[in-house]
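Keep the structure open as you read.

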Amino acid sequence: MTQQRGNRWVAGLLLLALGCGDFDETSSSSSRGLRYVAAPARLPAIDEAARRNVIIVIGDGMQLAHEVATSRYLYGKDDGLSFHQLPTRLFKTTWDVNVYNARASQRGVAPYSPNTFDPMVGYDINLGGEAPYPLLPDTAGRREYFLNPLIYPDSASTATAMATGVKTDSSNISWFTGDPVNGALATSPQTLRRRYGMSIGFVTTVPLSHATPSGWFAHNPERFAYWALGHEILTETRPDVVIGGGVQAGTSYLDSLDVEAIYADPSYLVVKREPGVDGGESVLAAAEKARAAGQRLFGAFGGPDGNFESPVPVHAPGDPSVARGSIENPRFGDAAVAALEVLSQNPRGFFLLAEQGDIDWSNHSNDFPRMIGCVTDLHEGVQAILDFVDRPGDAIDWSNTTIVITADHANSYLRLETELGAGELVVRDPVTGAYPPGKISYATGSHTSEMVMVYAKGPGAAFLEESATVYPNHPTIIDDTALHGMTLEAARR
Ligand SMILES: [Zn+2]
């Protein structure tokens, strides 16, 4: 991708003035016991005209290089994915407190403090670049900055930043930095439910107690406390929709007592993965039933390892095609639309988090074909969500619905050394495990602190554009904490 073509990515940005709401009650920590109010006392009167909906879509561990590689595979061009057509596109920094402190130590400056910090310590645009690769070329200096030493955030701290607006430590799930006893941070969906009576829910292709959904729907100083996170999600938060993996994985991710309790709970309609049954069809049929009966929806999917089996692209130059990894799981888009069918019944509006989490897992294993399959799943799912909002004859449209597509952090330092055509894949040498030289390269099986992309449409998009004040004279860069204010602003009435 040349710089000139790259400039298309930042063209057309409008900096719209938009008044900011007061977010006083939302960024403070509260004791665990006060997080939820069972019967909200002072909800606004229902006003159909004031309905607001927020959809946040996460491609876990996805950066622009992965998007471009997938777009080239599917369409033979760089910007052909569904979310590439959205009117707002921005770059996002993802540093957490661990990243900040490692950089601060390198520089000999003070560690992170919530009240006094320098964004240039968290992410230095002079060293890391003012745009992500491949908009800017890979250089020795950038490789040095990102890889030597390798300093990166994780899905827990970055989900916390997006869900609460607060920077925290790696591994913290909406929990304050330093792990104080009463460190739980109010998350945006719980604020929206409490303040406006909105429905809340999530969809994920990985275990439902994993870091990304947990960041919006649970609280814990330890991301690997899967049972505690699952327990809080299923018995305390009780989202209106949960569709995800992990349920078929024995007791790796969930306490079977919590799963059994949900199965026995008449307020939830339960749909499970069944041998030989199309999970996409069953989750959509279940959503229809839940909608008709006014029930919540619990979709128990995933394979024996907890994740949905990833879609599989085939190497067929000129004729790209991607097969489902298993028909027994929904496609990402089936799950997202099922969630929307249920959540959209609430005249007060809804919040949906939808995560394609296997992009990250494929990048950790430097699995290029699996990554293409997972980003395709995300691309098709976002198209299904856009089509849902565009559907005529209902109360959901772009005047009241905001969608944001982004990643939590970068991963794998994929570099595209040649431009593969539509339908072209590269695969590893079965003996050496190496990719063919000169085609693609990876530098790590870990995350990196590179910037990721943000795409948005709807009333909240202007808030994100207005948040691009982190670095003077760089009106295309926001910080991940801006997602929190955007969510509250997009839902404000
Ligand atoms: Zn990861």
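In β15, which residue is the bridge partner of I403? It's K457. Before going on, note that this is a predicted model, where local features need pLDDT of at least 70 and side-chain atom pairs count only at pLDDT 80 or more, while totals for chains, interfaces and linings use all residues. Residues are numbered from 1 along each chain as its sequence is written.

I403 belongs to β10 (residues 401-406). Helices (H or I, at least four residues) and strands (E, at least two) are DSSP runs here, numbered from the N terminus. On one flank, β10 runs antiparallel to β15 (residues 452-457), joined by 4 bridges; on the other, 6 bridges tie it in parallel to β1 (residues 52-59), where I55 stands opposite I403. Two strands count as paired if DSSP finds at least two bridges between them.

Now look at how covered β10 is. 6 of its 6 residues are buried, so the strand is largely enclosed by the rest of the structure. Buried means 20 or more other C-beta atoms within 10 Å of a residue's own, exposed 12 or fewer, and partly exposed in between, with C-beta atoms placed from the backbone. T401, I403 and I405 cover one side, and T402, V404 and T406 the other.

Zoom out, and the open sheet has 10 strands in the order β5-β6-β4-β3-β9-β1-β10-β15-β2-β16, with mixed pairing. β5 (268-272) and β16 (477-479) are the edges, each with a single partner strand, so one side of each has no neighbour in the sheet. The twist averages 15° from one strand to the next. At the β5 end, 5 bridges join β5 in parallel to β6 (residues 296-300), and L269 stands opposite L297.

L297 turns up again in the largest nonpolar core: of its 118 residues, I243, L297, A339 and L352 touch the most other members. Such a core is a set of buried Ala, Val, Leu, Ile, Met, Phe, Trp, Tyr and Cys residues joined through C-beta atoms within 7 Å. A second, separate core of 9 residues includes V99, Y100, Y112 and Y123.

Finally, turn to helices α12 (residues 279-293) and α13 (residues 332-343). They pack at an angle of about 5°, axes 8 Å apart; axes are lines fitted to C-alpha atoms, for helices over the stretch in contact, and angles run from 0 to 180 degrees between N-to-C directions.
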